[in-house]
Amino acid sequence: MFTIEHQFDHSTIVVMDNDGTHDDVELILDEDNVYIRQYDDDESFNIVVITPFMLKEILTAYDKAEGAYLTNKLKTA
């Protein structure tokens with residue numbers, strides 16, 4: 001299960017473990033960065049910061065076979 005909320009300057013996606021085994025993962029996406037955080041047992045959280053392009057690479061890699069891949073970042077005007 002997941003939720004999506006759009007704000008003026010960012011969007012938030014929360015992915016919940018359907019089995020209740022793992023803590024929720026929250027992705028906060030703005031124009032320049034993607035923040036990934038997950039609360040731990042102490043009610044604090046860990047944050048990972050990546051670019052939106054890195055997130056696209058993660059999503060692309062999910063369905064790829066084992067190996068190394070070179071990706072190109074194309075900018076459009």
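Which residues line the second largest pocket? In this predicted model, where residues are numbered from 1 along each chain as its sequence is written, local features need pLDDT of at least 70, side-chain atom pairs count only at pLDDT 80 or more, and totals for chains, interfaces and linings use all residues. Side-chain values use heavy atoms, with hydrogens and water left out.

**The second largest pocket**

- The lining consists of Ile 13, Val 15, Leu 27, Leu 29, Leu 55, Ile 58, Leu 59 and Tyr 62, where a pocket is an open set of points on a 1 Å grid over the protein atoms alone, fitting a 1.4 Å probe, with protein on both sides within 12 Å along at least five of seven lines, and lining residues have an atom within 4 Å of a point.
- These residues divide into eight nonpolar, no polar and no charged, with Ala, Val, Leu, Ile, Met, Phe, Trp, Tyr, Cys and Pro counted as nonpolar, Asp, Glu, Lys and Arg as charged, and the others, Gly among them, as polar.
- The largest share of this lining, three residues, comes from α1, while β2 (11–15), β3 (25–29) and α1 (52–61) each supply at least two residues; helices (H or I, at least four residues) and strands (E, at least two) are DSSP runs, numbered from the N terminus.

**Residues with accessible area**
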